[in-house]
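User: I would like a close look at one part of this model, taken slowly and with the cut-offs spelled out. Please keep to what can be computed from the atoms.

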Amino acid sequence: MQPYKQHPIYGIAVSEPGKRWRPKGLVFAPDLNCTLEVRRLEASDLIFTTKKPAEEQALKLCKAWIDAKESESHSAVKDSDFPKVKL
């Protein structure tokens, strides 16, 4: 497990028939006192012939999800959401 933007993330490779591997990423809540899973990410269309690249791809999935959620939260509040005040 490794931290990314205060979220613990974990990338695993799930064994598939034919000695192939599918990435699965787990994102946990940023609270260090608990291990609450907040998102499980799977890419069923991505299959790898070795375990390590599948694990690396799983971490990329986690990071991309966290970045997207962070981007959503930043764009949710815009300057136009606040009333104009004259001083």
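How many salt bridges does the structure hold?

Analyst: The structure holds five salt bridges, a salt bridge being a side-chain nitrogen of Lys or Arg within 4 Å of a carboxyl oxygen of Asp or Glu. This is a predicted model, in which local features need pLDDT of at least 70 and side-chain atom pairs count only at pLDDT 80 or more, while totals for chains, interfaces and linings use all residues. Residues are numbered from 1 along each chain as its sequence is written, and side-chain values use heavy atoms, with hydrogens and water left out.

One of the salt bridges joins the side chains of D67 and K5, at 2.7 Å from N to O. Because D67 lies in helix α1 (residues 51–76) and K5 in the loop between β1 (2–4) and β2 (7–16), this pair ties together parts that are 62 residues apart in sequence. D67 is partly exposed at a relative accessible area of 29%, and K5 is partly exposed at 37%, where buried means under 20% relative accessible area, exposed over 50%, and partly exposed in between (1.4 Å probe, protein chains only).

R22 is in strand β3 (residues 20–28) and, at 15% relative accessibility, counts as buried. Its side chain meets that of E16 in a salt bridge of 2.8 Å, N to O, and E16 is partly exposed, with a relative accessible area of 23%. E42 also forms a salt bridge with R22, the closest N and O atoms being 2.8 Å apart. Since E42 lies in strand β4 (residues 37–42) and R22 in strand β3, that pair ties together parts that are 20 residues apart in sequence. Through shared partners, salt bridges join E16, R22, K24 and E42 into one network, in which E42 is partly exposed, with a relative accessible area of 46%.

The surroundings of R22 can be listed by contact, which means heavy atoms within 4.5 Å. Not counting residues up to four places away in sequence, R22 touches residues including I12, V14, L46, I47 and A54, as well as E16 and E42.

Key
Helix = DSSP H or I, 4+ residues; strand = E, 2+ residues; numbered from the N terminus.
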